[in-house]
Amino acid sequence: SIMSGFGGAGAVSAVTAHEEGADVLILEKAPKEGGGTTRISTGYSSIVLDPDGALEYLHHQVKGLTPDEVFEAYVQEGATLVDWLDDHGLTYTDVSSVLGSDYKNWPGSDAFGAVGFTNEDGVNSGTAVFDWATAYMQDNGIEILFDTQAFQLVQDPETKEVVGVRARHADGSEIAVHAKKAVIMCTGGFECNDQMIGNYLVPSPLAREGWKFNTGDGIKMLMEAGAQIWHMKNQTQSGGFWLGIKVPEYDSTFMRNFTMAGKSWIEIDSENKRFYDEAGSYHRQHMKYME
């Protein structure tokens, strides 16, 4: 099995495939280390506390746009996540009080909780996941090709079945890898691709925070292979929208990760205009902003 991408999804997919008896190869375009958005996050993950309530909430959220079998798989696996973490030796804390469902007033919103992965100092951090994942790959002989970017899915010309991947090393040389069982695309988002942001997200342009290698390459590969692309207009992170400062010298933003002293301040944008109600709960909030 081939994993395209060594972020959180790629790591867990590789572990799962290995434990099912597959030989696994991971392709990662970043040099030296993977991690994706998971590595640079605070290391939180949703869990399902009540499968029936979770299904009700998810159906209410998307109103028929997502197939039932996708929801059912998500809910069933989400209910077993804590057991999976225990079986694999990951350490975590219960952070359900700060992260769970997005919209607290919807039916089934209390069906979700959350865990925060902890490092050896007991601090919640996405790096804890990748310290564990990297050690797992080394201990189990799972090969990771860094500086290797997948750029095309190889398909049977008649059936369109995906049978492998073409990839390019940093020096420009190319390889083609045959997948005997599966190609699993774990390629992250497109937060570092200005053209895709302009095409799919409103408002645009948006300054970015995130993994700089998430440029939408895998999404383009899937489009070329005939995949139906969906949910491309959603921008968030676990904290909703966090305010940041953008300066020309850096591609990414600096997050305004502090709370103002007192409750009397205004914030202005690049045109010297106020853009939200500072007394409200728009910023630093673990939910999506409904407006």
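**Entry 1**

In which sense do E3 and strand E5 pair, and over how many bridges? Before answering I note that this is a predicted model. I find that E3 and E5, the latter covering residues 112-117, pair in the antiparallel sense, and that five bridges hold this pairing. As a reference point I looked up Ile47, whose bridge partner in E5 is Gly113.

I then placed this pair in its sheet, which is open, has three strands in the order E3-E5-E4, and is paired in the antiparallel sense. Strand E3 (44-48) and strand E4 (92-94) stand at the edges with a single partner strand each, so each has one side left without a neighbour in the sheet. From one strand to the next, the twist of this sheet averages 35°.

**Entry 1: strands E7, E8 and E9**

I went on to another open sheet of three strands, this one in the order E7-E8-E9 and again with antiparallel pairing. Here strand E7 (148-155) and E9 are the edge strands, and because each has a single partner strand, one side of each lacks a neighbour in the sheet. The twist in this sheet averages 25° from one strand to the next.

For the pairings themselves, I recorded seven bridges between E7 and E8, which run antiparallel, and I noted that Thr148 has His169 as its bridge partner in E8. Strand E8 (residues 162-169) is joined to strand E9 (residues 174-178) by five bridges, also in the antiparallel sense, and the partner of Ala167 in E9 is Ile175. E8 and E9 form a hairpin with four residues between them, and in that turn Gly172 has a positive phi of about 95°.

**Entry 2: salt bridges**

How many salt bridges does the model contain? The count comes to four.

Is each partner buried or exposed, or in between? Glu33 counts as partly exposed because its relative accessibility is 40%, whereas Arg39, at 15%, counts as buried because the limit for that class is under 20%.

I also checked Glu174 and Arg166, which form a salt bridge with the closest N and O atoms 2.9 Å apart. Both are partly exposed, Glu174 with a relative accessible area of 41% and Arg166 with one of 31%. Arg168 comes in as well, as Arg166, Arg168 and Glu174 are linked in a network of salt bridges.

**Entry 3: the second largest pocket**

I looked up the second largest pocket and noted a volume of about 170 Å³. Its lining includes Ser1, Ile2, Asp23, Val24 and Leu25, and also His178, Lys180 and Lys181.

Lys32 is not a glycine, yet it has a positive phi of about 75°. Lys32 is found in the loop between E2 and H2, and with a relative accessibility of 77% it counts as exposed.

Lys160 has a phi near 70°, again a positive value in a residue other than glycine. Lys160 sits in the loop between E7 and E8, and its relative accessibility of 52% is over the 50% limit, so it counts as exposed.

Conventions: Residues are numbered from 1 along each chain as its sequence is written. This is a predicted model: local features need pLDDT of at least 70, side-chain atom pairs count only at pLDDT 80 or more; totals for chains, interfaces and linings use all residues. Side-chain values use heavy atoms; hydrogens and water are left out. Two strands pair if DSSP finds at least two bridges between them. Helices (H or I, at least four residues) and strands (E, at least two) are DSSP runs, numbered from the N terminus. Axes are lines fitted to C-alpha atoms, for helices over the stretch in contact, and angles run from 0 to 180 degrees between N-to-C directions. A salt bridge is a side-chain nitrogen of Lys or Arg within 4 Å of a carboxyl oxygen of Asp or Glu. Buried means under 20% relative accessible area, exposed over 50%, partly exposed in between (1.4 Å probe, protein chains only). On a 1 Å grid over the protein atoms alone, a cavity is a set of points where a 1.4 Å probe fits but cannot get out, and a pocket is an open set with protein on both sides within 12 Å along at least five of seven lines; lining residues have an atom within 4 Å of a point. Grid points are joined across faces, edges and corners, and a volume is the space filled by probe spheres set on the points.
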